[in-house]
Amino acid sequence: MRMPDPGAQRRQRLPAVLSDAPGLAVIVDSFEQRTQRPKRSPRAYYSGQKKAHTLKSQVTADEGSGRIVHVSESVPGRWADIKLLKRSRMLGRLPDRVGALGDLGYTGIRDLHTASACPRRKPRGQERPPEDRKYNRAFGRRIGVEHAIGRLRRFRSLAHVNRHRRPGHALRVRAVAGLVNRMLDHRTKAA
């Protein structure tokens, strides 16, 4: 479903978002890992996006350092990103005046946390307004979480089909996140 456009008067400008949260410090995204077809309720794990049975994990990375600061519980791949964000309660743990940046999968994040933002959607059947283009360019900073997910996916336990038990998936993701953070710490000490 698409949320209706609130109109130019109610639409918040990028400087206002940045003044609300001068340190937009964390970037949120999720990734899916293929899993074997479950015997019970296979439909619950089927992701239409990947056209396969998957497990979804949400990763939160620090904007400045690229370190992984939070990994959510793993859920079936069918879940929407915003639903996973609500369930993880990650936004409630953020310090005051620190927000989160998300992609279009997190439309509605502003209703959950006032200092958070996501890009604006293109109006259906119309051209994208020029102010929306400028606003969406600011979300290029999201590349930090994409790099963090890429570092996670270099490990074989998260790159290939998950053949282990589903309840332990979040523990494996957190263990790999610890290894990635340790690697980043080692790089910063060497530099």
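Arg 89 sits in the loop that runs between α2 (81-88) and β6 (100-101); helices (H or I, at least four residues) and strands (E, at least two) are DSSP runs, numbered from the N terminus. The phi angle of Arg 89 is near 60°, a positive value in a residue other than glycine. Arg 89 is exposed, at 64% relative accessibility; exposed means over 50% relative accessible area, buried under 20% and partly exposed in between (1.4 Å probe, protein chains only).

Before going on, a word about the model: it is predicted, so local features need pLDDT of at least 70 and side-chain atom pairs count only at pLDDT 80 or more, while totals for chains, interfaces and linings use all residues. Residues are numbered from 1 along each chain as its sequence is written, and side-chain values use heavy atoms, leaving out hydrogens and water.

## Another positive phi

Ser 41 belongs to the loop between β1 and β2 (46-47). Its phi is near 45°, again positive in a residue other than glycine. Ser 41 is partly exposed, with a relative accessible area of 45%.

## Two buried polar residues

Ser 88 is part of helix α2 and is buried, with a relative accessible area of 11%. A polar atom of the Ser 88 side chain lies 3.0 Å from the backbone oxygen of Leu 85. Setting aside residues up to four places away in sequence, Ser 88 touches Gln 58, His 70, Ser 72 and Arg 93; contact means heavy atoms within 4.5 Å.

Now turn to strand β3, where you will find Lys 56. Lys 56 is buried too, with a relative accessible area of 4%. The side chain of Lys 56 reaches the backbone oxygen of Trp 79 at 2.7 Å. Beyond four places in sequence, the residues that Lys 56 touches include Phe 31, Glu 32, Glu 73, Trp 79 and Asp 81.

## The nonpolar cores

A nonpolar core is a set of buried Ala, Val, Leu, Ile, Met, Phe, Trp, Tyr and Cys residues joined through side-chain atoms within 4.5 Å. The largest one has 20 residues, and Phe 31, Val 59, Ile 68, Leu 152, Leu 158 and Val 180 touch the most other members. Two or more residues each come from β1 (26-34), β3 (52-62), β4 (68-71), α5 (143-153) and α7 (169-190). The largest share, five residues, is from α7.

Which residues does Leu 152 contact, leaving aside neighbours within four places in sequence? They are Phe 31, Val 59, Ile 68, Leu 158, Val 173, Val 176, Ala 177 and Val 180. A second, separate core holds 12 residues, among them Ile 82, Leu 85, Leu 91 and Ala 100.

Key: Polar contact = N/O pair within 3.5 Å; in protein donor to acceptor, adjacent residues only side chain to side chain.
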